[in-house]
Amino acid sequence: MPPRKSKVASASEPTSASEPTSASEPTSVDETPVIVNTAPVKRKRAPKSATSHAAQASQVSQAQTSKSDTVAMATFTNIKVVSGVFRLFAETVGDGNMKFSQDGISMSGMDASHVSLVRAFFGRDTMMYRPSTTTQVAGVPYRVLYKILSAFQNALTVTLKMGEVRDKMVISIDTETGGLNEFQMALMNIEADELEIPSDIEYAAEIKIPSSTLKEYINQVEKLEVDSFTIKHTGTEVRMTYSNTHLTGDVCLLPSCESNAQVTAPVNVMIATKYGKLFYSSGNFGEMSVMKLGHGIPMIFNVPLETMSSGEPSSESFVEIFIAPKINDDDDAEAEAKNETENGEDDDYGVENENIRY
């Protein structure tokens, strides 16, 4: 019998790769067997090590981003000013809270006798600042912090980090020799309400005066062993008077205040010498000071800090001290000194000052 003719299958005809037709089975003309390649297809896969490395890198990146969001970091270049501020807080407050907010770093605290209050604020114009997503409050032993800074006379930058290490502040100091020194300072748990200064206090006089002038005359009073002095604003000039059993002093701080003072009425304020000395001996915070004098309220020495870029006085960053006035029934300083000598009293602030609210 002649062989049966078969048609070549068209490429468009469906075939089954899973159930191939056996060559021995009979087939019709319309169902011609087709040879199909049933070998498995090999697909290339990324190396397992490369995949795991990419995942690990992504996790590390996310962890670093998350960590940086919780770390507040401030870098200072004006080391003398920063060290002076911490010295002031070390000698006045001792231990206190430092708040790292979105706007900057703020500090405040009172001395043990509640006669003086010191405040400071470092804004973004005085430092390189990266805040964390949330406000952080650190209980800082200012004495320890000042000792660390004062140990490096050749420091170029000082960086404070909050949130990098649990319950510790990390302090990095870059020196002129190129060495980077790092310290971890243990923080404290200080339960203290933040002191708020009423914004509606009216002062009889606000005077701008060179910081060097105030420092010079306060040092003179301290060398003359005078415990207190009175600052008088007469309406046209600012004078400092003081006395003890051996001498009486009357010096002119500013001969004319018409151009730089806001005066509503003449005013006299007596304060203890040691508080003025403490403020101006801590450091050279800025070229100009602002004195605020009022009747029966704490007086203020305020110094705007210099900006990091231009060195001009900042409009938001400052350091200041509030000093409660001494009780004086007679505005004349000489009569007050005589009264203290007769009664054997020294630096008597009286009970009234306990009711002074800052």
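Contact here means heavy atoms within 4.5 Å. The model is predicted, so to speak of local features requires pLDDT of at least 70, side-chain atom pairs count only at pLDDT 80 or more, and totals for chains, interfaces and linings use all residues. Residues are numbered from 1 along each chain as its sequence is written, and side-chain values use heavy atoms, with hydrogens and water left out.

**First stop: Ser101**

Select Ser101, which lies in the loop between strand S2 (95–100) and strand S3 (104–110); strands (E, at least two residues) and helices (H or I, at least four) are DSSP runs numbered from the N terminus. With a relative accessible area of 15%, Ser101 is buried (buried is under 20%, exposed over 50%, partly exposed in between, with a 1.4 Å probe and protein chains only). Next, display Tyr129, Pro131 and Thr135, the residues in contact with Ser101 once its neighbours within four places in sequence are left aside.

**Second stop: helices H2 and H5**

Select residues 79–92 for helix H2 and residues 273–281 for helix H5; their axes come within 9 Å and cross at roughly 150°. Axes are lines fitted to C-alpha atoms, for helices over the stretch in contact, and angles run from 0 to 180 degrees between N-to-C directions. H2 is therefore roughly antiparallel to H5 (over 145 degrees; under 35 is roughly parallel, 65 to 115 roughly perpendicular and the rest oblique). To view the contact, show Arg87, Leu88, Glu91 and Thr92 of H2 together with Leu278, Phe279 and Ser281 of H5.

The structure holds eight aromatic pairs. Rings of Phe, Tyr and Trp (its six-membered ring) pair if their centres lie within 6.5 Å; planes under 30 degrees apart are stacked, over 60 edge-to-face and the rest tilted.

Select Phe152 and Phe183: the ring centres are 5.8 Å apart and the planes stand at 65°, so this pair is edge-to-face. The pair links distant parts of the chain, 31 residues apart, with Phe152 in the loop between helix H3 (142–150) and strand S7 (155–165) and Phe183 in strand S9 (residues 180–186). Phe152 is buried at a relative accessible area of 18%, whereas Phe183 is partly exposed at 31%.

Move to Phe279 and Tyr280, whose ring centres are 4.9 Å apart with planes at 85°, so that pair is edge-to-face. Phe279 is buried, with a relative accessible area of 0%, and Tyr280 is buried at 5%.
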